[in-house]
Amino acid sequence: MADKVKSTEQDRLERLAALLSGSRSQDRAQRALGRAGSYSNMLLGAMLHGADRVRQGFTPTDLERPLVDALRTVVSENEMKQWGRTYRDLVAGQGRLAMIPERITSRSASQGYSMTDLRRDLPGMTTEALASPNVQIVDPLTLAAGKPEDPAFIAAMRDTGMAVTAFARPPKASGAAAADEGSAQGDDRPAGQDTEGAGAAAAGFRVVLKLESFDVVRPVGDAGGGRDEIYWAASTSAGGGSGSSYTSDVFGAATAKDNPHVFTEGKNTLFQGNSTGFLATGIQVWEADQSSDEWWNALKKALNTAVDLIDEKLQFMDAVEMGLPTWAGMAWEVGKIFVSIIDAFRNYDDLSCFRTIGLDQQDLAIIAHRGHVSWHFNGDGYHALKVKYAGDPVPFPEGTLEYIAFDGDTASAPLALPWKSGSAPALASFKGKLHALFMRASDQAIMWTVLDGQTWSPPVRVHGWRSYYAPAMAVYRGKLYCALVAANDESSMVWSVNPEGTAWSQTTRSRNTELTTAPALAAWRDQLWMVHVGRDGRMWENYYDESNPTWSPSRNHHPWRTNRPVGLTTQGNTLWHVVRGEGGDKQNRVDVTYCNHTGGWKDLPFPSNWRIGSGATLAAHNSKLWIFFRSTTGVLLSSFHSGASWSDYQAVGAGAEIKPMDESAATLHNGKLYLMYRR
């Protein structure tokens with residue numbers, strides 16, 4: 001518990017000095033900051049360095065100014081300067097500080113730390129942040145599947161009471177309005193075209209997040225009694241000055257036996273405002289005990305400071321076009337500033353756990369679709385928070401469809417199609433034409449376009465099909481088949497056949513259940529094979545035999561687990577399968593397996609040090625097995641296996657790097673290998 005002594009300026013400076021020198025190793029605040037690596041605690045150091053520079057009459061840099069202004073919101077001008085003096089005296093006395101990197105402490109007061117310096121140090125800072133078990137980059141399909149948060153990540157929170165979660169690079173908002181679903185296959189409205197009256201992308205959409213309830217999994221336990229007085233506080237921003245702060249009522253004697261603890265309607269709005277495709281929130285759960293007005297006011301100021309910093313961060317993110325891993329690193333550093341400020345003021349209230357969560361447009365669209373999301377706070381106590389969505393429908397983010405043709409091993413330049421997709425595409429070559437299916441983001445309609453010669457047909461909607469995932473296609477017994485997870489029933493797979501390449505049959509439901517990603521299809525041994533991923537991350541296979549038109553029972557065929565679509569292809573008499581692993585030592589690793597007529601599935605060794613940022617795609621071409629995948633930095637890469645080993649991976653396409661939004665699709669067509677993706 002906190003020491004219950006009224007905080008004075010001298011108290012705060014002494015706590016700060018002990019924190020910076022690393023002498024409070026048993027404190028959670030010390031553990032949250034960790035030991036200074038080459039880049040860790042850069043923003044905290046820049047704030048203190050800037051405060052000292054102001055004290056000595058120097059003008060703060062463009063980065064130091066907002067950080068020093070943040071400190072000014074909770075302390076007086078004179079005390080802000082004393083924070084700078086405390087930092088400078090420690091540097092002078094110790095040379096190096098345990099908690100602040102030498103990149104900051106080595107600078108004299110005349111040498112500031114600017115935004116330009118931060119741009120240079122961002123890669124290193126991000127790398128160190130992502131090495132922390134408390135920083136997590138989550139695949140959005142985990143959220144889409146309604147899967148619980150990673151238990152290992154939840155467990156890691158307890159040591160520091162602090163965590164950062166991000167999902168994916170925030171794409172630009174599409175601004176597309178939802179269209180009437182319709183039912184005719186001949187709906188030929190161009191894919192991605194806004195309906196009449198749709199707003200521009202800049203208008204965004206109205207987001208409303210409300211706290212619904214929380215469960216006490218493990219109480220903080222005031223003096224060991226197991227009865228908490230709990231309250232929640234948050235700061236949330238969607239950029240553009242839209243930030244707001246929130247503090248809940250106090251829940252007296254919150255115990256597990258009284259679960260769930262329900263927030264009062266009208267006093268539970270976490271955020272209400274417009275977003276153009278991204279939202280960041282910092283949420284804290286506190287144990288209260290005789291809080292003073294001074295403490296409440298300081299807390300509210302600190303929350304508003306966090307909002308300002310998030311806004312600054314988002315604007316900076318737009319300026320340098322950073323990806324979500326970098327955002328997570330920035331959020332981690334901003335969070336440690338918050339912890340340091342709160343720790344200096346700490347006297348009556350205890351911070352149990354603090355999380356910063358970044359949601360991109362895809363995540364917001366999924367939460368809007370599902371209606372709620374649950375986040376876990378495992379600190380001094382363990383509380384599970386349920387948040388409900390009460391805003392406008394959120395359009396799925398769109399990406400422009402592009403494709404590349406490989407003639408032999410040589411790739412063409414990317415060719416862009418005039419349509420946008422809300423999912424990865426599917427490709428198949430059938431009767432001399434190249435067929436593509438994709439999801440229209442505005443209403444999740446499945447669209448179909450065909451390359452005949454050199455011309456793509458205008459996309460048409462297929463029946464009333466809707467899906468939140470990419471479809472799959474394969475040619476089997478002279479007919480074109482597709483499979484997809486229906487938007488109105490994600491517990492089963494549906495499939496359709498196109499005998500002549502001119503019209504799709506109505507869908508037929510298969511017996512698969514609990515689906516969480518796009519399926520994969522391939523024809524092998526005179527059967528149509530399908531692999532899909534269940535809610536538990538396990539992979540299941542089925543096959544369909546036209547002579548006995550039923551699907552086989554689902555069978556788990558692989559020991560790994562994943563949250564991305566798998567890849568499936570055939571080469572001669574061999575069926576090939578690729579998966580990106582999830583969890584533990586399998587995280588982001590690749591496993592390629594194959595099956596021929598005897599012996600079941602076997603492993604094809606894959607470089608163990610390669611890590612990928614999405615599911616992988618397989619294709620047979622030019623007497624080689626090709627694999628396409630995104631790197632962990634988002635670049636589209638390829639490699640091939642020609643019988644001996646995998647080639648070194650290389651960037652796909654000539655010229656600038658290609659960074660697709662998710663998986664690609666590949667198929668052999670008229671002697672060339674076609675690769676399609678969205679970006």
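**Talking through the chain: surface, core and rings**

The accessible surface of the chain comes to about 25700 Å², and 47% of that area belongs to carbon and sulfur atoms. What follows concerns a predicted model.

Colleague: Happy to meet this one! How many helices and strands are there in the chain?

Modeller: Welcome! The chain has 12 helices and 39 strands. Of its 679 residues, 59% count as buried.

Colleague: Let me pick Asn378, in strand E11 (residues 372-378). Why does Asn378 count as buried?

Modeller: Its relative accessibility is 5%. Buried means under 20%, so Asn378 counts as buried.

Colleague: And what does Asn378 touch, leaving aside residues up to four places away in sequence?

Modeller: Ile154, Ala155, Met157, Arg158, Arg218 and Cys353.

Colleague: Now the rings. How many aromatic pairs does the structure hold?

Modeller: It holds 30. One of them joins Phe406 and Phe628, with 5.6 Å centre to centre and 55° between the planes.

Colleague: What makes the pair of Phe406 and Phe628 tilted?

Modeller: Ring centres must lie within 6.5 Å to pair, and these are 5.6 Å apart. Planes under 30 degrees apart count as stacked and over 60 as edge-to-face, with the rest tilted. At 55°, this pair is tilted.

Colleague: Which parts of the chain does that pair tie together?

Modeller: Phe406 lies in strand E13 (residues 399-407) and Phe628 in strand E35 (residues 624-630), so the pair ties together parts that are 222 residues apart in sequence. Both Phe406 and Phe628 are buried.

Another tilted pair is Trp495 with Tyr544, at 4.8 Å centre to centre and 55° between the planes. Trp495 belongs to strand E23 (residues 493-498) and Tyr544 to strand E27 (residues 538-545), so parts 49 residues apart in sequence are tied together. Trp495 and Tyr544 are buried as well.

Colleague: Which residues do ring pairs link into a cluster?

Modeller: Phe214, Trp232, Phe251, Phe263 and Phe377.

Colleague: One last thing: how do you know that the charged end of Lys624 sits over the ring of Phe640?

Modeller: The distance part asks for NZ of Lys within 6 Å of the ring centre, and the charged end of Lys624 is 4.1 Å from the centre of Phe640. Arg525 lies over the face of Trp524 too, at 4.9 Å from the ring centre.

Definitions and conventions: Residues are numbered from 1 along each chain as its sequence is written. This is a predicted model: local features need pLDDT of at least 70, side-chain atom pairs count only at pLDDT 80 or more; totals for chains, interfaces and linings use all residues. Side-chain values use heavy atoms; hydrogens and water are left out. Helices (H or I, at least four residues) and strands (E, at least two) are DSSP runs, numbered from the N terminus. Buried means under 20% relative accessible area, exposed over 50%, partly exposed in between (1.4 Å probe, protein chains only). Contact means heavy atoms within 4.5 Å. Rings of Phe, Tyr and Trp (its six-membered ring) pair if their centres lie within 6.5 Å; planes under 30 degrees apart count as stacked, over 60 as edge-to-face and the rest as tilted. A charge sits over a ring if NZ of Lys or CZ of Arg is within 6 Å of the ring centre and within 35 degrees of the ring normal. Accessible areas come from the Shrake-Rupley method with a 1.4 Å probe; for residues, only the protein chains shown count as cover.
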